[in-house]
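Here's a quick briefing to read with the model open in your viewer. Have a look at the fold first, then work through the notes below.

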Amino acid sequence: MRPMNILMVASEAAPFAKVGGLGDVVSSLAQHLSLLGNDVRVLLPFYSTIGEEHRKKFRPIPAVFSIHLGEEHFARIWEYVSPEKVCFYFLEYDRYYHRDRLYDSGGDGFDDNAYRFTFLCRAAIDLPDFLQWTPDIYHVHDWMAALVPVYLETVARRGRLAKTASVLTIHNLQHQGYADRSILAYGGLWDSLFRSDQLEACGGVNFLKGGIYFANKLSTVSRSYAEEIQWPEGGCGLHGLLRFRSGDLVGIINGIGEEDWNPATDGRIPHGFSAENLEGKAKCKGHFFREHWKPVAADAMPLFVVISRLYWQKGLDVLADILPWVVNGMAVRFAILGSGDASLENHFRFLGECFRDRIWVRIGYDESLSHLLEAAGDFFAMPSRFEPCGLNQLYSMRYGTLPIVRATGGLRESVQSYAGGVANGTGFVFQDLTHQSLHDAIGWACATYYDRPDDIRTMQRNGMAQDFSWKKSARRYLELYGWALEKKNNS
Ligand code: ADP
C-alpha cells in the first residue's frame, strides 16, 4: 500500500491534552502510522492547560490562518514534530481554548462547547490550503471532530479536498454534541442539513449523528462495542443510523503504548519486573505502602486497584455501595485513584476515612501514581456499565495485575475469564452489574488469591504474554483508510 497523507482531528492527544483514553489512542496510533511510513499530522486545540515543558518546544507558523465559518475568523497555528515524525498542529484561539479545563469547569460541559469544536472542525478543513498539503484521509475522533466529514461532503466537496476521504472513530457514543439550529449558520453549513436523517435530532443539531451519516467509513474501538451500539440498549438513540451504516462500521481494538507501559523499563515505577521474574512487582507494592499508605504496611492481603474517571459509565457507584460489605467480609485492601462526579468523589473520600487501613483514596489525576498502582496491585477492578475498549485492563494485564471486569465491549473482548481450576485465563469476568455479582466476583478473585496462588501466577504470566501492541491495529486502520478512499472515489 502506498504511503498516505493522514490528518487526524481530535480534542485530545497525549501528552499535551488528555482526559481519558482518547488522548492515549490518538497519539499512539499517529506514532505507529508514522513509523509505517505515512505522513501523519494531528490537529488539536492549543489549550492553555498544555504544560510549559511542552509548549516551549512548539513553533508558530508565521502566517495568519483564516477560518471560513459563517464569518471569517483568524487564528494562529503552532507546530511540533515528535521524534516519531508526527507533526502536531495546535490551533490557538484564546476565546475558545484559554480555559482551566478541556471540556467543563468541573460540572456540565462549557455552554459554548458546540462552538469551540465547530471552530476546530472548520479549521481542519481550512488547514490543507494553509499548509499547501493535501490529506488523503481525515481520521476524526468522537463528536468534537464529527463535523469534519459533514463539511467534506457538503460545502468543501470541491477543490483541494475533492478526493479526500474520511473515517470517523467513535470512542464513546454517549457523548454526541448538541447545539441549536443556529450552529449551522455559525459554522457556515447549509441549513438544508437540518433533516431528521442527517444532523437534526430532538429539534437540535447532533454532531455525532452528522458525522456518522457523512463519514465514508466508521469505526469503534472494539468489535463487541461495534455490535452493541447497533441495538437500542447500547445505541444511545443512534442505533438505527448505526445499523443503517453497519456495512461501513468496523471494530478495531486499541493497542497500548509499549514504551510508556512496559514494566521492565517504566521509569515511573521504582523497580522493574517481567513475567519471568515478578520480584520487582512485590517491591513496588512495598514501595506504594511505604510512600503513600503509612502506617499500613504491605502484607499478605491482596491489593485491589481502581484508576478511573469517576462517572456512571464506570459502574463505580456500585463498587462504592458494596465496599463496606467487602472489606468487612474479606481480607482485602483497595486503592482508588480517580476524579469526576463530585458525589462519587465524596462517597469514596468518606469510605477512605471510615476504613483507613483497608481503603486508600486519592481524588485527582496523577499519571505517575497510576503507573505505580498498576505495578503494585494484585487485581484491578473495572465494573463498567459499558466500555467501548478500555485501556486500564490492558495496562493491568501487562503489569501482572489481574483485571476483574464486567462482560461488556472491549472488556469482554480483551480479558479471558478464569475457569475454576484451569488457569488458562487472564482475569475474572462477571456478567451483570449488580451489588451481588460484583461482590461475588471480588470474592472469587480473593479466594483464588488465597487458595490457588499457582493459578494466579499462571494467569499473570498469561496476561503479560499477550500482544497489545499497536502494530496489528495500526495496519487495520490503514486497511480501513484504503476502503474509505475506494468508497469516496469509486462510488
Ligand atoms: P476512558 O477513556 O473511558 O476514561 P480508558 O480505560 O480507555 O477509559 O482510559 C483511561 C485512561 O485515563 C488510562 O490511561 C488511565 O490510566 C487514565 N486515567 C483515568 N483516570 C486517571 C487518574 N485519576 N489519574 C491518572 N490516570 C488516569
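This is a predicted model: local features need pLDDT of at least 70, side-chain atom pairs count only at pLDDT 80 or more; totals for chains, interfaces and linings use all residues.

Residues are numbered from 1 along each chain as its sequence is written, and side-chain values use heavy atoms, with hydrogens and water left out.

**Domains and their interface**

- Domain 1 puts 16 residues into the contact and domain 2 puts in 16 residues, where contact means heavy atoms within 4.5 Å.
- About 1400 Å² is buried between domain 1 and domain 2, and carbon and sulfur atoms give 51% of that. Buried area here is the accessible area (1.4 Å probe) that two parts lose on being put together, summed over both.
- Three salt bridges turn up across the interface of domain 1 and domain 2. The rule asks for a side-chain nitrogen of Lys or Arg within 4 Å of a carboxyl oxygen of Asp or Glu.

- Helices (H or I, at least four residues) and strands (E, at least two) are DSSP runs, numbered from the N terminus.
- In strand β8 (residues 165-170), six of six residues are buried. The cut-offs: buried is under 20% relative accessible area, exposed is over 50%, and partly exposed is in between (1.4 Å probe, protein chains only).
- In a regular strand the side chains alternate between the two faces of the sheet. For β8, both faces are covered: Ala165, Val167 and Thr169 are buried on one side, and Ser166, Leu168 and Ile170 on the other.
- β8 pairs with strand β7 (residues 137-141) in the parallel sense, over five bridges; pairing takes at least two bridges found by DSSP. Within this pair, His141 has Thr169 in β8 as its bridge partner.
- Getting from β7 to β8, the chain passes through helix α5 (residues 147-153), and this β-α-β crossover is right-handed. That label means that, with the strands pointing away from the viewer, the path from the first strand over the helix to the second runs clockwise.
- β8 also pairs with strand β12 (residues 217-220), again in the parallel sense, over four bridges. Here Val167 stands opposite Lys217.

- Three strands make an open sheet in the order β9-β11-β10, with antiparallel pairing.
- β9 (178-179) and β10 (200-201) are the edge strands, each pairing on one side only.

**Salt bridges**

- The structure holds 23 salt bridges.
- Asp136 and Arg2 meet at 3.4 Å, N to O. This pair links the loop between α4 and β7 with the segment before β1, 134 residues apart. Asp136 is buried at 16% relative accessible area, whereas Arg2 is exposed at 52%.
- In the Lys314–Glu387 salt bridge, N to O is 3.0 Å. Lys314 lies in the loop between β14 and α11 (316-329) and Glu387 in the loop between β17 (379-382) and α14 (392-398), so the pair ties together parts that are 73 residues apart in sequence. Lys314 is buried at 12%, and Glu387 is buried at 4%.
- Salt bridges with shared partners join Lys217, Arg245, Asp248 and Lys487 into one network. Within it, the closest N and O atoms of Arg245 and Asp248 are 2.8 Å apart, and both residues are buried.

- Most residues other than glycine have a negative phi, and most peptide bonds are trans.
- The Ala14 to Pro15 peptide bond is cis, with omega near 0°; Pro15 is in the loop between β1 (5-9) and α1 (21-35).
- Lys294 and Pro295 are also joined by a cis peptide bond, and Pro295 is in the loop between α10 (279-292) and β14 (303-310).
- Gln132 has a positive phi near 55° and is exposed at 59% relative accessibility.
- Cys236 has a positive phi near 45° and is partly exposed at 34%.
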